[in-house]
Amino acid sequence: MEPLRTVSAAVCLLLALWWTTPGLACNEAVCASIVSKCMLTGSCKCDMTDLSNCTCCKECSECLDNLYEECCYCFKMCPKPERSWSDLAMHSEVEEFHDPEIGLFSTLTNKHDPKQRWISYTFPVDHQIVDFGHKYQIRIVSVDESAPEGGTEPQQVTVNCTVAYLTQCRSWAKCSFSCQTMGARSVRWFHNGCCECIGSTCINFGINESRCLGCSDGIEDMLHDEGELSDDQLDQVLMAEMTEV
């Protein structure tokens, strides 16, 4: 009878924790089993109001094992994340490549891709001639004719910048590899899986906005449900989402 009462109390406490932590990521599907186990063994049974004086936090984290990051919120034993999964598209990582294949990138992106593997955007950007140099053969849109008195050369040149957003979301590693194979100069990868390949004449790493057509709002929840994934596992999750769209 005593074990039954213990199990019932654990279940009630677990439900209470889920109901009282709506702002935290306590994932019932992932955490139910491990949280129940840790509560039944007493590994997480202490006052966690003051985490600096938590007497069971170390034992509790060891009990949660590899699911600590996913399930520590169920016990209110870890700080609330500064970012939610819904704002991942607002954060990105960038990388610049050496020796890009400029001609290849231009060939692939100057027209609409019939297979819809990516969507391209082209827009003018201004470069200071002294900084831009003559490293690349580029198509100049216009030159700033305004010059200081004395007849000095124009100081600014306007060129076309082209970026390509890959339709399917992918991991950071696959995004970087894909953009290199297209001949891009640099890459911007958004935390929601959106991949932007950036041409050689762009500045500030292209467009700081996620515009991938295949990255749905539901992907963040899927990634959260899966926990920490390898690049191959992440690609499988993202590919599964693509087949459902």
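Biologist: In this predicted model, are Lys58 and Glu62 buried or exposed?

Modeller: Both Lys58 and Glu62 are exposed. The word is used because the relative accessible area must be over 50%.

Biologist: What makes the contact of Lys58 and Glu62 a salt bridge?

Modeller: The N to O distance between their side chains is 3.4 Å. A salt bridge requires a Lys or Arg nitrogen within 4 Å of an Asp or Glu carboxyl oxygen, so the pair qualifies.

Biologist: Why are Lys58 and Glu62 separated by about one helical turn?

Modeller: Both belong to helix 3, residues 57–64, and they are about one turn apart because 4 residues separate them in that helix.

Biologist: What makes Glu96 and Arg185 a salt bridge?

Modeller: Their closest N and O atoms are 3.1 Å apart, and the cut-off is within 4 Å, so the term applies.

Biologist: Why is Arg185 called buried, and Glu96 partly exposed?

Modeller: Arg185 has 16% relative accessibility, which is under 20%, and therefore counts as buried. Glu96 has a relative accessible area of 47%, between the limits of 20% and 50%, so it is partly exposed.

Biologist: How do you know that Arg117 forms a salt bridge with Asp113?

Modeller: The closest N and O atoms of Arg117 and Asp113 are 2.9 Å apart, which is within 4 Å, so the pair meets the criterion. Asp113 is buried because its relative accessible area of 5% is under 20%.

How values were computed: Residues are numbered from 1 along each chain as its sequence is written. This is a predicted model: local features need pLDDT of at least 70, side-chain atom pairs count only at pLDDT 80 or more; totals for chains, interfaces and linings use all residues. Side-chain values use heavy atoms; hydrogens and water are left out. Helices (H or I, at least four residues) and strands (E, at least two) are DSSP runs, numbered from the N terminus. Buried means under 20% relative accessible area, exposed over 50%, partly exposed in between (1.4 Å probe, protein chains only).
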